[in-house]
Amino acid sequence: MTAPAIELKGISKSFGPVQANKDISISVAPGTIHGIIGENGAGKSTLMSILYGFYKADKGEVWINGKHTEIPDSQAAIAAGIGMVFQHFKLVENFTVLENIILGAEDGPWLRPSLSKAAKILDELATEYELNVNPDALIEEIGVGMQQRVEILKALYRQADILILDEPTGVLTPPEADQLFRILYRLRDEGKTIILITHKLREIMDATDTVSVMRRGEMTATVKTADTSPEELAELMVGRKVLLQVDKVPASPGAKVLEIENLRVTDDQGVERVKGIDLTVRAGEILGIAGVAGNGQSELLEVLGGMRPGVGVIRLNGEPLPLTGPGSDGQSRRAAHIAHVPEDRQREGLIMEFYAWENVAFGYHRDQAYQKSKLLMDNTALRQDADEKIERFDVRPANSWLTAKNFSGGNQQKIVVAREIERNPDLLLIGQPTRGVDIGAIEFIHKQIVALRDAGKAVLLVSVELEEILSLSDRIAVMFDGRIMGERLPDATTEKELGLLMAGVSGEAA
Amino acid sequence: MMDFMTLIQVLDSTVRLATPLLLACLAGLYSERAGIFDIGLEGKMLVAAFFSAAIAYVSGSVWLGLLAGIGASMLLAGLHGLASITFRGNQLISGVAINFLAAGMTVLIAQDWFQQGGRTPSLAGNARFNPIELPFAEALSGVPFFGPIYAELLSGHSILVYIAFLAVPGTWWLLYRTRFGLRLRAVGENPAAVDTAGVSVVGLRYAAVGICGILCGIAGAYLATALQAGFVKDMTAGRGFIALAALIFAKWRPWQAMWACLLFGFLQAIALRYQNIDLGGVVIPVQVMDALPYILTVVILAGFVGKAIPPRAGGEPYVKER
Amino acid sequence: MDKMPHWADVVLIPLISLILAAILSALVILAIGEDPVAAVKMMVNGALGSTYGWGYTLYYATNFMFTGLAVSVAFHARMFNIGGEGQAMLGGLGVALVCLYIPWPHWTLALVFASLGAAVFGALWAAIPAWLQAKRGSHIVITTIMFNFIAAAVLNYVLVNLLRPARSMDPASAKFPDAVHLPTLHDLLAPFGIAFSKSAPANVTLLIALGACVLVWALIWRTRLGYEIRAYGHSETGALYAGISPTKIIMIAMLISGALAGMMAVNNVMGEAERLVLNATEGAGFIGIAVALMGRNHPFGVFLAAILFGFLYQGGAELALWTKIPRELIVVIQALVILFTGALDNMVRMPLEKLFLALRRRNA
């Protein structure tokens, strides 16, 4: 038997008081696709960053192809034949594809010979692995799928034999993801070893040969993919039985709460992101917006939440809402009984340096209940309110004098959800409600959303997680390139159909 | 109106006054293109001016003075690197601190060494950079039009002036035609890309800050040993900030930086030659000319003449993350 | 997890930074060939050893409280206002106009309107960079630096061409009328039977500065506006989400900042010089940066740091008088304080954090 391509022995790593990896050992056979699955914060990415020389392990050894190898920096990792495709691409936006590929692997101090040699090699790689890209295109002008190819080509150009991909499908449409997997199979068949990090069970089941499961910094199991099931993996990930389905009774939609007509939104760079959409959300229903990140869902939420101007008509309970100028900001939206759980809680929903009790009023801080006088705020009222919400939503640690950054992702999200849902809004806007949230908190947050619906309120849910959309929504609209590609009922559609819509293939053609 | 010879003289003075701006501007270009904002150009020039003049005076050799000036400037550049690269501090605050450090230390040391109220003794002879006559300047000076341009405008500057203007194509070539330039530009746009490609972000940024130190050193030495004959307190007089303005005006590109510096040098030359300028009845007071470079910079910054987009990673310390 | 207790962050780090700055300054003094211990003794004696010394120390501290608060308020909205110097210069112009052109019956009335004039002129000078930042995205650091230079040119023009009395060669305004003379600490403390030096410039403006400290504290931590300023300062996208207008916060924070910097002029122009001269600010606008950093942007910290710098200023003047240590030593100390408390903060912080972490581990 040949030596394993990678063997990690007893890897441990701490960040301050947090132990991200505890005594992890793993062996990856050459020429296979090896999956690593685990929840957010389970330590997958830390482990791979150690392998790529980004962090130094506190303890443990790395063996590559049967040889003990020190990897103090990325240079050493590259020299050992390891390539990594990060979740967030590491590309220079205003450089060409070719410049990005040679960066750090130039052929001498002069640029021109390096570039022409690289162009030739790139041509060969393109034919060998069917990885076509335009070498002279600027990164900022090509799509994410293409950018990912550039990242893979970067690794191959550096003659990587081991390729690590961190959550590679997060930004891809299902068809694009399928194409990525075809490339990966091809690479495997050429003898490359591939490590696939993901939190999506289906990808593991479909694409990998072997799978390792991580939980809370520990490696809990390594099994042949063929010998396991999604249910078993989920249980290994979480440490207990998991309900993959959300319990809910059928919806009984009432009057129209939100009506959107021909809405158009432009982003900060002047690019039109929402290109004339029509949507309706009724009382007592959850409308899920499915789509790959970057197809206009974020801008849709931002306009509805008053963070960005738009053009078109939005009515709430029949009353038109201004889309620009006075009356179109977040304060006016809240006054109109629209609550908003934003997509990015750390950059938007919370002030990370504020205490929990300050955050519990964030956005509603001008409410009469929080004022002591015309000028002064009533901090005692704020703290009282915070303590109540912390208890009702089981936020841990239950201490309103901690700053937001001291809570875990799940508890941060609970603070935001508590703040918004407890307002009893007519319309709840909620974006990526469970991104970076542990499974326990996911179940809790899902229940709260469904409860709000059952109380006869309208919910507009945006999520890039198709599973979440399918299990929560009463109706699904698919967004692609700023347009609504179609609406479906969750019981009368399939992931495949939705996937095609998300890729811009319209219903009739599919 | 100005006659031809006056124009030549003003342009000649423009070149002299643009030189320290250009050197400092290019210095800032290297630093900021690598993602390190530098509002400490002023301070680095100031220490270089002092140490070049002091050492030139003591040793009698302007070349030793130049080396000392560069050394002092690089010391402060290293401090800026330590604060903003190694300790990931606030680059603006570091720059402010460096400016004050230079303003205080130069006077302190000057007073301790020379006891002349914070200045150095006047430099003469080999302790100064003297003008270089280009070949045939004398012979060609009689030729109409081109003669004066060659003899008066192009010839007769100190070596540092020619170095400054040669540094422009040099910088362009380094930035766009070499591996180092590619990496330097990349580290100012996206340091994570450089890091994951196995190149040291810290090393590149220190290199850039180091080059910045060298160029600021030459700029300061030029002020004290070529443009003037010795150091006086606060002699940079805001030139570091004007250079910064020129850099923004030039949108961080070398050739444009040269034109911007020549423009600002021209404004200074005019202000120096004429006190109050009479434009057909409307008298422009000298204070307006003094303030013009700063006003112009604000107008440029306001984006009324095209948007200036700095390097994307500029000002942000690099912290490794996934 | 927070890596170390709050008190360490607020007290220990500035203290260690200060000690580092002091050690380096002592080395500088040694290098000049003077005795640092003797120098400190002389400074303490000169600045705190008499009511005369205290009078100067508190006079300088008053200036630095205003400029320190100015920098702090802007910092809370994550803006670095380096323009305190220019704003204070223009504030001086405001004070001069109020004092010279309106016949005041009593100093109290004059004080109220001179403060108003100083605040309005300072705020207006900050308003342009603020507006350019909010609406055009121009970097406020660069624009405020530029506005310092422009302010110097404006003041130069106004003094030379407009305010200078005929036949005077000095680029300065006429002397203010006696009616606007502000009571000094000597005048204020005499009724209480406390003897205070007659020739020291500390005056009633000190009380205004102390009031400003309290008001800024209440503004930042007790009002809705302060909540919004801090929220914007920590996260612009967060502010947008909460419906807090960035333009409004930038403008208001900078107007307050500029007004505070401008109000320094009540102290130095009206309280001390009693006429407007060129370079009346003497770099106090810049000292505000060191004071704000050292005081951790908290009004109480600013108060303490302002007193410290007042002491350094007055002590430094004494040194320059009696030894061969020039006044520029203060500029060096100021630079070192900015360096250690601002730019090299992590150098002090990282080892401390490790220490506290190790302590916690041992206790766990």
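The model is predicted: local features need pLDDT of at least 70 and side-chain atom pairs pLDDT 80 or more, while totals for chains, interfaces and linings use all residues. Residues are numbered from 1 along each chain as its sequence is written, and chains are lettered from A and ligands numbered from 1 in the order in which they are written.

Helices (H or I, at least four residues) and strands (E, at least two) are DSSP runs, numbered from the N terminus. The contact between α12(C) and α13(C) is made by C:Ile287, C:Ala290, C:Val291, C:Ala292 and C:Met294 on the α12(C) side, and by C:Val302, C:Ala305, C:Ala306 and C:Phe309 on the α13(C) side; contact requires C-beta atoms, placed from the backbone, within 7 Å. By class, this contact has nine nonpolar, no polar and no charged residues.

| Helix pair (chain C) | Angle | Axis distance |
|---|---|---|
| α12 (284–294) and α13 (299–322) | about 130° | 8 Å |
| α8 (205–222) and α11 (246–273) | about 165° | 10 Å |

α8(C) and α11(C) are therefore roughly antiparallel to each other, the term for angles over 145 degrees. α8(C) passes α11(C) in a left-handed crossing. Here C:Thr205, C:Ile208 and C:Ala212 of α8(C) meet C:Leu260, C:Val266, C:Asn267 and C:Gly271 of α11(C). The contact of α8(C) with α11(C) has four nonpolar, three polar and no charged residues.

In chain A, eight of the eight residues of helix α1 (residues 44–51) are buried, so α1(A) is largely enclosed by the rest of the structure; buried means 20 or more other C-beta atoms within 10 Å of a residue's own. Among them are A:Lys44, A:Leu47 and A:Ile50. A:Gly53, which follows α1(A), has a positive phi, near 75°.

Chain A also has an open sheet of four strands in the order β12-β11-β14-β15, with antiparallel pairing; strands pair if DSSP finds at least two bridges between them. Its edge strands are β12 (272–282) and β15 (319–320), each pairing on one side only. Strands β11 (residues 256–266) and β14 (residues 311–316) of chain A are joined by five bridges, and A:Val311 in β14(A) is the bridge partner of A:Arg264. Helix α9 (residues 297–304) of chain A lies across β11, β12 and β14, running at about 120° to β11(A).

Conventions:
Axes are lines fitted to C-alpha atoms, for helices over the stretch in contact, and angles run from 0 to 180 degrees between N-to-C directions. Two residues are in contact if their C-beta atoms, placed from the backbone, lie within 7 Å. Ala, Val, Leu, Ile, Met, Phe, Trp, Tyr, Cys and Pro count as nonpolar, Asp, Glu, Lys and Arg as charged, and the others, Gly among them, as polar. A residue is buried if 20 or more other C-beta atoms lie within 10 Å of its own, exposed if 12 or fewer, and partly exposed in between; C-beta atoms are placed from the backbone. Angles under 35 degrees count as roughly parallel, over 145 as roughly antiparallel, 65 to 115 as roughly perpendicular and the rest as oblique. A crossing is left-handed if the near helix is turned anticlockwise from the far one by less than a right angle, and right-handed if clockwise.
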